[in-house]
Amino acid sequence: MKLTRRTFLGACAALAVTPPRPAFPATVLRVGMTPAFLHTQHGLLAKWREYMEAKLKRPIEIVQRDSYRETMDLLQLEQLDFAWICSYPYVYLRQQLRLVAVPLYLSRPFYRAYLIVSLKNRHIKDLSQLRGKVFAYADPYSLTGHLVPRYQLRQMGEDPEKFFSKTFFTYSHRNLIEAVADGLAYGASVDGYVWDSLNALKPEIVGRTFPVSASREFGFPPIVARLGVAEADFVAVQNMFIGMRQDQQGNSLLQDLNLNGFLHGLPSLYDEVDEMMRAFGEG
Amino acid sequence: MRFLLNLSFRYKVPLWGSLLIVGTALIISSTLLLRSYGELKSDLLRDATTQGRTMATTLFSAVLHDQVWRAYEIIKAPFSRESGDGPGQVESLVVLDQKGQIYVSTNPERLPMLADFARLSPEFASLAGIISQTGRETRVLEPEGSDHLFVATPIREEQAHLGTLVQIYSKKVLRSRFLKSAGQAALIAALVIVLLLPIGWYWGQRTAVPLLRLTERMEELGRRLPDDLAPELYDYQDELGRLYRAYNRTLHQLREKAQIEGQMIHSERLAAIGKLTAGIAHEVNNPLVGMLTALDTLRHHDELSPRTLKTLTLLDRGLMQIKDTVGALLVEAKVKSRDLLSQDVEDVRTLIEPQARERGVSLRWENQVQAPLSLPSSSVRQMLINLLLNAVQASARGGEISATITADDAVLSMVVVNGGQILTDKQIAHLFEPFANADERGHGLGLWVCYQIARQLGGNIEVESESRDGAGRTAFKVTIPFGAPA
């Protein structure tokens, strides 16, 4: 089922009130989720919450927002304790966050950006051929869906603001793929992990797009905690993620997300992102 | 056309009925179809206008904040799988900006973003001018010769006009939907026809067949009297039923008339025969009396030779036989005679009973005559004797005859019934003629005499001979009116 933003928000509101929970004495841990491809997989989110509650023995609240910026704001406002965010927001807020864990995709903590076009435009060889076309971005704070293509254009000596005739944001990689598949946008830069994973789940949409090229590797979107989170909570949550591979339920969750597990990551994994941000005067 | 009108009702009635049924089915279905097409279109336009207004309202903020994807999701909503592809299914939705460029469309391949709408097709070019007008109302545009319907709704709030939402509907969808319902209507009409035609045909036959029977009989009327029409062939009160009854009535009247004519001819013939017979008898009787008197006188002379005497005796016997016959033919009923008494009737019984016994025939007797009747007793007795003798002769051994003599309402009625062989039609036709029934037992004048007497007394004699339950029954009934007893 395809969800519009409106129905999705309604579903989120419903999520917050529906299932009866075990009465845990401890305070609620609030976990923000990035609108990755699991954006529309509510069943999956519910499983995650149950898993975390069982492991941490305390109530968990999953918080979803439409844009990356909103999740970032909530972290800054200390309304979230933990969050799974894109690499770009992590680097952007690096000073206010602690790295909890980094997912393993194809057994490595990396992912790439794919430049995609519609299947019938597969003669396109690289980004330079998209001059004057309509280009879709994922989110202003998306690494692969915004920063990467703009950085690439900058490297080519182009002005990202003038190179395309029109750009717009779809606020999720999944929508990005759909925009290109429908021909609304001529091209887009999309999270390679999302494209690959969705290709297995929704080939009827993803199959209508064609990956022209892949970027170099970047650190995979990490699990982060705000600085103020209690050490005990931090360690508990970190151990939970790192240990997911060890139990069957955790493995099943990882499999649903097409991930291999989590590891203790180092902030240096994201130095290249920092570098690109600096090129645009950020960070 | 003439050929059609000359057809038999057997074909014409069902044919006209069928034509009516087919015609009605066609007219009704085509009227309904035309209406349904109009309704289909107005429904479509109403839905389109509602949808356009709703969508334009939500589109306003998306366009205002340049949220292309949101605008795309809004206009894409009607294309979700749930809505199917009914007649209301829009072909494309296009959001145009103030300059007439495509802001977003549901069909980006053909109607790409930023393209100048007017330049995409001549059809769009003709509309661009009207669409770009910054009116407030939703407009329905139907360019001549176009296969599309356009519904244009301005995207605006207060004074801010951001662009226009254009809903493009294909008339082909309308038409194919129309053809589909036309097909269904044709099918239903065909079904109705298939169901009604046999009924119509049956009904036509029901009306036509009785009419045909009537016609066949009417055509026979000139040649002979046809049979009655069986009432169960058409037992209703409508005009045809009345025609049937009128026909049967007419037929009965014709039969009665024919019967009366036959009887008249019969009695006229009998009367003529009677007159002739009586005339001849008189003519013969007068010289006969003279001859007998002369013969008698001659016989009283003494000098007759035995041979002459023998000749005279021979002549006398012959003349006496002629006199008997002539006398029988000369029925004089009104000869002066005393009134009829009950005893006269009983005397007849006394006379007949020995003869009946001799032939082994029993006699049932009922005599209700009481007061004297002013009828010549000898004539009445002669009739009764004749009828009873005939009955005894006609009966087989062991049979029974009955005589019922009543006097009511100034009419004497004598009914004599025997159980012998019944009379043939031919016998009945000549029954009352002289010598008609002559056989070894007599010269057959008995019934003729009865008839003559009855007629002369102003009465009548009738015969009924019929076979009932295997036994014959032949009844002679004499009715004679009488005045007050003298």
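Reader: Which strand of chain A is joined to strand β3 (residues 82-84), and in which sense do the two run?

Author: Strands of a sheet pair through backbone hydrogen bonds, in either a parallel or an antiparallel manner. In this predicted model, β3 of chain A is joined to strand β12 (residues 223-226) of chain A by three bridges, and the two run antiparallel. Within that pairing, Ala83(A) has Val224(A) of β12(A) as its bridge partner.

Reader: What is the strand order of the open sheet that holds these two strands?

Author: The sheet has six strands in the order β2-β1-β3-β12-β4-β13 (chain A), and its pairing is mixed. Its edges are formed by β2 (60-64) and β13 (261-263) of chain A, each of which pairs on one side only. On average, neighbouring strands of this sheet are turned by 25 degrees against each other, direction ignored.

Reader: Which helix packs on this sheet, and which strands does that helix touch?

Author: Helix α3 (residues 68-76) of chain A packs there, touching β1 (29-33), β2, β3, β4 (97-104) and β12 of chain A. The direction of α3 makes about 155 degrees with that of β1(A).

Reader: How many helices and strands does chain A have, and what share of its residues is buried?

Author: Chain A comes to 12 helices and 13 strands. Of its 283 residues, 43% count as buried. Among the contacts in chain A with a separation of 6 or more, 79% are between residues 24 or more positions apart.

Reader: What is the average pLDDT of chain A, and where is the pLDDT below 50?

Author: Where pLDDT is low, the predicted coordinates should not be read in detail. Chain A averages a pLDDT of 87, with 88% of the residues scoring at least 70. Over residues 1-21 of chain A, however, the pLDDT is below 50, and this stretch has 13 contacts in the model beyond near neighbours in sequence.

Reader: Which residues touch the most other members of the largest nonpolar core?

Author: In soluble globular proteins, nonpolar side chains tend to be buried together. Here the largest nonpolar core has 115 residues, and those touching the most other members are Phe82(A), Ile116(A), Val180(A), Leu59(B), Ala71(B) and Val95(B). Helix α2 (residues 9-64) of chain B gives the largest share of this core, eight residues. Apart from this core lies another, of 39 residues, including Ile401(B), Met414(B), Cys450(B) and Ile461(B).

Reader: Which residues does Ile116(A) touch, not counting those up to four places away in sequence?

Author: The residues touched by Ile116(A) include Ile177(A), Val180(A), Trp195(A), Phe210(A) and Val212(A).

Reader: Why does Ile193(B) count as partly exposed?

Author: Ile193(B) counts as partly exposed because it has 16 C-beta neighbours inside 10 Å, whereas a buried residue would need 20 or more. Ile193(B) is found in helix α6 (residues 171-220) of chain B. Leaving aside neighbours within four places in sequence, Ile193(B) is in contact with Ile21(B), Val22(B) and Ala25(B). Ile193(B) and Ile21(B) are 172 residues apart in sequence, yet 6.7 Å apart in space, C-alpha to C-alpha.

Reader: What is the strand order of the five-stranded open sheet of chain B?

Author: The order is β2-β1-β5-β4-β3 (chain B), with antiparallel pairing. The edge strands β2 (102-105) and β3 (139-141) of chain B each pair on one side only. Between neighbouring strands the average turn is 20 degrees, direction ignored. Inside this sheet, six bridges join β1 (residues 92-97) to β5 (residues 160-170) of chain B, and Val94(B) has Val166(B) as its bridge partner in β5(B).

Reader: Which residues of strand β10 (residues 411-418) of chain B form its covered face, and which its uncovered one?

Author: The covered face of β10(B) consists of Leu412(B), Met414(B), Val416(B) and Asn418(B), and the uncovered one of Val411(B), Ser413(B), Val415(B) and Val417(B). Strand β9 (residues 400-408) of chain B pairs with β10(B) in the antiparallel sense over eight bridges. These two strands form a hairpin with two residues between them, and Asp409(B) in the turn has a positive phi of about 50 degrees. Eight bridges also join β10(B) to β12(B), again antiparallel, with Val478(B) as the bridge partner of Met414(B).

Note on methods. Residues numbered from 1 in each chain as written. Chains lettered and ligands numbered in written order. Predicted model: local features only at pLDDT ≥ 70, side-chain atom pairs only at ≥ 80, totals over all residues. Pairing = 2+ DSSP bridges. Helix = DSSP H or I, 4+ residues; strand = E, 2+ residues; numbered from the N terminus. Axes fitted to C-alpha atoms, helices over the stretch in contact; angles between N-to-C directions. Contact = placed C-beta atoms within 7 Å. pLDDT = per-residue confidence, 0-100. Buried ≥ 20, exposed ≤ 12 C-beta atoms within 10 Å, placed from the backbone. Core = buried A, V, L, I, M, F, W, Y, C linked by C-beta atoms within 7 Å.
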